[in-house]
Amino acid sequence: MRRGPMRGTPDGFRFRAFEYLAATGMIALLSACGSGPAAGPSSAAVNADDPVSALQRINRAGAECWMRSSDPAFRDLHLVPELDTMAGRPRLLMLKKGKTAGLPVLVIEASGSPAKVETYGPLTATRTGARVNTDIQRWSGGRTSC
């Protein structure tokens with residue numbers, strides 16, 4: 001049974017308001033169901049005096065936990081350190097295997113004292129990117145576990 005419009009409101013206002021609230025609630029509910037940390041570029045201060053030592057620690061752990069593991073997320077990738085830089089911003093590049101001249105899928109860059117590590121690139125928008133950010137946070141704090 002359809003009721004007439006509410007006094008002082010356009011016809012259908014109640015229904016549109018209900019649709020909006022239901023959609024907003026559904027979006028909030030779905031976003032709360034996400035598993036793991038959010039993917040995307042990250043930036044964090046790390047426990048290192050200089051950028052090179054911060055990236056050396058990440059490079060060692062990344063080589064062991066990402067590149068040498070049998071993890072399918074990293075099977076087609078390789079890590080290229082660029083630690084000796086004149087610009088003062090050393091970085092680690094993650095590239096597709098066989099594409100040494102191509103654009104990196106991930107850049108891990110450090111700067112400042114104390115060091116600050118940033119990640120960016122297309123890989124950061126994926127589930128693997130969320131894992132990379134979590135691993136970097138853990139390794140930057142001094143832990144070495146995979």
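How many cavities of 30 Å³ or more does the structure hold?

1. The structure holds one cavity of 30 Å³ or more, a cavity being a set of points on a 1 Å grid over the protein atoms alone where a 1.4 Å probe fits but cannot get out. About 30 Å³ of space lies in the largest cavity, where a volume is the space filled by probe spheres set on the points, and points are joined across faces, edges and corners.

2. This is a predicted model, in which local features need pLDDT of at least 70 and side-chain atom pairs count only at pLDDT 80 or more, while totals for chains, interfaces and linings use all residues. Residues are numbered from 1 along each chain as its sequence is written, and side-chain values use heavy atoms, with hydrogens and water left out.

3. The largest cavity is lined by Ser42, Ala44, Val46, Val117, Ile136, Gln137 and Ser140, lining residues being those with an atom within 4 Å of a point. Strand 1 (42–45) and helix 3 (127–140) are the elements that give two or more residues to this lining, and helix 3 gives the most, with three; helices (H or I, at least four residues) and strands (E, at least two) are DSSP runs, numbered from the N terminus.

4. Five strands form an open sheet in the order 1-5-4-3-2, with antiparallel pairing, where two strands pair if DSSP finds at least two bridges between them. The edge strands, each pairing on one side only, are strand 1 and strand 2 (77–82).

5. Strand 4 (residues 106–111) and strand 5 (residues 116–120) are joined in the antiparallel sense over five bridges, and isoleucine 108 has threonine 119 in strand 5 as its bridge partner.

Notes:
1 Å grid on protein atoms, 1.4 Å probe; cavity = no way out; pocket = protein on both sides within 12 Å on 5 of 7 lines; lining within 4 Å.
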